[in-house]
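My plan is to look up one thing at a time and write down what I find.

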Amino acid sequence: MKDNEGFNYAFALSRHWLRILGVWPDPLAPLSDFHRPNIKFIIVTCILLLYVFVPQITNVILAWGNVSRMVENLASANYSLLSLCKLISTWYHGKSLQTLLTSVRTDWITPKNNEEQNTMLYLASRGRTLSNRCYVLLLVSLPCYLFLNLVRLYRTISQPQRTLVYHFSYFYNSQKSPNYEITFFIQLFGGLYTAIVNCTIDSFISMLLLHICAQLINLRAALNNLVDELAKGSISSSTFKKGLAEITMRHLHLIRNTKIINNCYSVVLFMHMFAATFQLCFESFQVSMIITYHLDVPIVKIVFLSLYFVIVLMHLYLYCYSAERLLMESTNMMYGVYESKWYDISSKDAKNLMFMVYRSTIPLRLTAGKFGTFSLEMFGTIVKTSMGYLSVLLTIMD
């Protein structure tokens, strides 16, 4: 694939939105650009902090004792805190992520055979498919979100005490026009930014992991081809050692890239793991309360809460699928050695393959604060745990 076509194909959506948010770690930008925060990043961060998260967490405190209201406010506060942390983390680790993206871009523009290119394109398309599903869910839920809040605006705009998207007492008179309208729409867009940040950064991290998976598959194929050529006598032992050294260095490079991702997002993903557990519980609880007590709630809100549940589930699956694939492909490097024709080469050359086996005994992982590893098993555990918490909440309400 010519020049940046493959790189653009893989990161088109992520690059577009991260630029809007002011945190795109452009591999072509000078390092000096990462010394100071972008004005767009400052604006979005201030909106998320002052007009979304602070009002939400304040409402949680004010609703103390009312389980239903606390759960509703805490669910949205969790989601906004998560997006705020992801945004700040992406900006803070801009230099490290730029180094990583430079490596990814180099992988795409480096000449490669058709098999290697097809492998990279397959996993990139897989990542794009998952990302597109997240964005589609976001677009489907957006009309519900706008409808619910615009109806609230229409009903209260002529009343003495007007309702904001997130109730909060600001240092200025937010009930007076045009302060009320400006504050309302800033909060409205703040909620939209929250969803976009979560969707974009989750897709970005997933795409980085799948790219490393593609490079591991290509590396395993290169190792098998090298051993096959030595077994056939097509290359000498010295050429084999030189090629094996290059493969080993390339493997170390991929291990370092995985560590960069972990160092940048491990703490945030630890928060994501717990937030997803409670989010699934809280959204299920709200829908359950509406159905059980036959609350007079618009059907649009029920649809919105259901979509919210699916979005949280989809984002969690995005991480778990990518991390599971990384875990599998890094382990397959070791099995790739066993599957090669090592028995047809000299014992001295075969012993050199043990270096690759030793390096692959510890699989590459996407960790959650070094306390857990994202995988499909974790996906099932989180869903099961959240449903357990749901049963506790329902028992408290009864």
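Are Asp202 and Lys86 buried or exposed? I looked up both, and both are buried. The model is a predicted one, and I keep that in mind throughout.

**Entry 1: salt bridges**

I stayed with this pair. Asp202 makes a salt bridge with Lys86, and the closest N and O atoms sit 2.6 Å apart. Asp202 belongs to helix H6 and Lys86 to helix H3, so the pair ties together parts that are 116 residues apart in sequence.

Next I took Asp107 and Arg250. Their side chains meet in a salt bridge with an N to O distance of 2.9 Å. Asp107 is in helix H4 and Arg250 is in helix H7, so this pair ties together parts 143 residues apart in sequence. Asp107 has a relative accessible area of 9%, and it is buried because the cut-off is under 20%. Arg250 has 22%, so it falls in the partly exposed class.

I also noted Asp26 with Arg19. This salt bridge has an N to O distance of 3.8 Å. The limit for a salt bridge is 4 Å, so the pair counts. Arg19 is partly exposed, at 39% relative accessibility.

Then I found a network. Arg220, Arg325 and Glu329 are linked in it by salt bridges.

How many salt bridges does a search of the whole structure find? It finds six.

**Entry 2: the largest pocket**

I moved on to open space. The largest pocket holds about 1300 Å³. Its lining has 44 residues, and Glu72, Leu148, Arg152, Lys301 and Phe304 lie nearest the centre. The elements that give two or more residues to this lining are H2 (39–62), H3 (67–92), H5 (114–156), H6 (179–232), H7 (237–292) and H8.

Which helix gives the most to this lining? I found that H5 does, with ten residues. I sorted the lining of the largest pocket by class as well.

I listed 16 lining residues, of which Glu116, Gln215, Asn218, Leu219 and Arg250 lie nearest its centre.

H6 gives the largest share, with five residues. By class I get six nonpolar, five polar and five charged residues for the second largest pocket.

**Entry 3: the loop between H5 and H6**

I looked up the peptide bond that joins Ser177 and Pro178. It is cis, with omega about 0°. Pro178 sits in the loop between H5 and H6.

Ser174 is found in the loop between H5 and H6 too. Is Ser174 buried or exposed? Ser174 is buried, with a relative accessible area of 7%. I then took a distance from Ser174 to Ile196. The two are 22 residues apart along the chain, and their C-alpha atoms are separated by 26 Å.

**Entry 4: Met356**

Met356 has its place in helix H10, residues 354–360. Its relative accessibility is 1%, so it counts as buried under the 20% cut-off. I checked Met356 against Ile247 next. They are 109 residues apart along the chain, yet their C-alpha atoms are separated by 8.8 Å.

**Entry 5: a surface patch**

Which residues form a nonpolar patch on the surface? My list reads Tyr335, Tyr338, Trp342 and Tyr343. Together they have about 470 Å² of accessible area.

I followed up on one of them. Tyr335 lies in helix H8, residues 299–339. Its relative accessible area is 41%, and Tyr335 is therefore partly exposed, between the 20% and 50% limits. Patch membership needs over 30%, so Tyr335 passes that test.

Terms used: Residues are numbered from 1 along each chain as its sequence is written. This is a predicted model: local features need pLDDT of at least 70, side-chain atom pairs count only at pLDDT 80 or more; totals for chains, interfaces and linings use all residues. Side-chain values use heavy atoms; hydrogens and water are left out. Patches are made of residues with over 30% relative accessible area and no salt bridge: like charges are joined within 9 Å, nonpolar side chains (Val, Leu, Ile, Met, Phe, Trp, Tyr) within 5 Å. Accessible areas come from the Shrake-Rupley method with a 1.4 Å probe; for residues, only the protein chains shown count as cover. Helices (H or I, at least four residues) and strands (E, at least two) are DSSP runs, numbered from the N terminus. Buried means under 20% relative accessible area, exposed over 50%, partly exposed in between (1.4 Å probe, protein chains only). On a 1 Å grid over the protein atoms alone, a cavity is a set of points where a 1.4 Å probe fits but cannot get out, and a pocket is an open set with protein on both sides within 12 Å along at least five of seven lines; lining residues have an atom within 4 Å of a point. Grid points are joined across faces, edges and corners, and a volume is the space filled by probe spheres set on the points. Ala, Val, Leu, Ile, Met, Phe, Trp, Tyr, Cys and Pro count as nonpolar, Asp, Glu, Lys and Arg as charged, and the others, Gly among them, as polar.
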